[in-house]
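Welcome! Here is a friendly briefing to read alongside the sequence and the 3D view.

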Amino acid sequence: MRAVREIVNRRRRSHGSKYARLETSRKALARTVQSGRLLRILETAVLDRETVRSIASRSYHHYNGFDKIVLSADERNGEELRLHLWRLEGAAECEIGNVHDHRWDFCSVIVSGSYSYETFEASSAGDKMLEYVHRSRQGSDNYAPRLVNRSRLLRVSAGLIATGESYFLPNNVLHRVKPEAEVTMSLVAQGPQISPTARIFADLDSPMPEQIGATPFTDHLMKRKIEEVIESILR
């Protein structure tokens, strides 16, 4: 966590007001978990068929190896409140996620488990990687990565983020995470879209597929997953 804070502090000097807003959002998100509000939201949602159906319609298993469970979304500006759920068997299939940035800033709090993280910067001293850009229609998670360059990335920080810890990242920080517990879950608050594109970096021997799709969960599966999340929080 110290390394994440150092990156944030280094950039805060030139983006003071933005970082103050993100810090406020981070604290509010952490309180959502600490106060038990997240648990109450899930316990209410799982009992309502229409709510489960709505959540299922925008939730799916992500290419980077986790279940993306979108609790609420504003399709006008791209804001979302969602859970990311990793299980070790799913992470093993996908190994480690790709280095990437986002089209939006975000805040996150670890609800259970833990994950290791790395952040990167472009550097001639770094490792060669395939650089892709992608854009997707607002409200859609289907996209076609476009190869634009062979770039060099240098890892500049790494660490572990454990249960109860929270942080925020600006949209253009290159990063990746890997779950370190049997079950790892984070609550994520995605801010409004501020960039039309995002970047993804892949190893030279592991190019991205031409098309990445997102198949929504069925209502039945979504209900079961929410029940599993509730059980995980109550343990």
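Which residues are buried in α3? They are Leu38, Leu39, Leu42 and Ala45, where buried means under 20% relative accessible area, exposed over 50% and partly exposed in between, with a 1.4 Å probe and protein chains only. They cover an arc of only 130° around the axis, which puts them on the same side of α3; the arc is that of the directions from the helix axis to the C-beta atoms.

Please keep in mind that this is a predicted model, in which local features need pLDDT of at least 70, side-chain atom pairs count only at pLDDT 80 or more, and totals for chains, interfaces and linings use all residues. Residues are numbered from 1 along each chain as its sequence is written, and side-chain values use heavy atoms, with hydrogens and water left out.

**The protein as a whole**

- The protein has six helices and 11 strands; helices (H or I, at least four residues) and strands (E, at least two) are DSSP runs, numbered from the N terminus.
- Of its 235 residues, 49% count as buried.
- Take the contacts between residues at least 6 apart in sequence: 82% of them join residues at least 24 apart. Contact here means heavy atoms within 4.5 Å.

**Helix α4 and its buried face**

- Helix α4 spans residues 49–57, and its buried residues are Val52, Ile55 and Ala56.
- Looking down the axis of α4, you find these buried residues within an arc of 100°, so they line one face of the helix.
- The cover over the buried residues of α4 includes α3 (37–45), β2 (67–73) and α6 (219–234).

- Two packed helices are described by the angle between their axes and the distance between the axes.
- For α4 and α6, the axes come within 9 Å and cross at roughly 100°. That makes α4 roughly perpendicular to α6.
- Here axes are lines fitted to C-alpha atoms, for helices over the stretch in contact, and angles run from 0 to 180 degrees between N-to-C directions. Angles under 35 degrees count as roughly parallel, over 145 as roughly antiparallel, 65 to 115 as roughly perpendicular and the rest as oblique.
- On the α4 side, Val52, Arg53, Ile55 and Ala56 meet Asp219, Met222, Lys223 and Ile226 of α6. The residues of this contact divide into five nonpolar, no polar and three charged. In this sorting, Ala, Val, Leu, Ile, Met, Phe, Trp, Tyr, Cys and Pro count as nonpolar, Asp, Glu, Lys and Arg as charged, and the others, Gly among them, as polar.
- For α3 and α6, the axes come within 10 Å and cross at roughly 150°. The two helices α3 and α6 are therefore roughly antiparallel to each other.
- Leu38, Leu39, Leu42 and Glu43 of α3 make the contact with Ile226, Val229, Ile230, Ile233 and Leu234 of α6. Here the residues divide into eight nonpolar, no polar and one charged.

**Charged residues to look up**

- Lys225 lies in helix α6. Lys225 is buried, with a relative accessible area of 14%, and touches Asp67 and Phe217, not counting residues up to four places away in sequence.
- Glu118 is found in strand β6 and is buried, with a relative accessible area of 14%. Its C-alpha atom is 6.5 Å from that of Val177, 59 residues apart along the chain.
- Asp48 sits in the loop between α3 and α4 and is partly exposed, at a relative accessible area of 34%.

- Tyr143 is in the loop between β6 (114–134) and β7 (146–162). Tyr143 is buried, with a relative accessible area of 11%.
- Leaving aside neighbours within four places in sequence, Tyr143 is in contact with His134, Arg135, Ser136, Ile200, Gln211 and Ile212. Tyr143 and Ile212 are 69 residues apart in sequence and 5.5 Å apart in space, C-alpha to C-alpha.
- Ser108 belongs to strand β5 (residues 106–112) and is buried, with a relative accessible area of 1%.
- With neighbours within four places in sequence left aside, the contacts of Ser108 are Leu29, Tyr115, Glu165, Ser166, Tyr167, Ser186, Leu187 and Val188.
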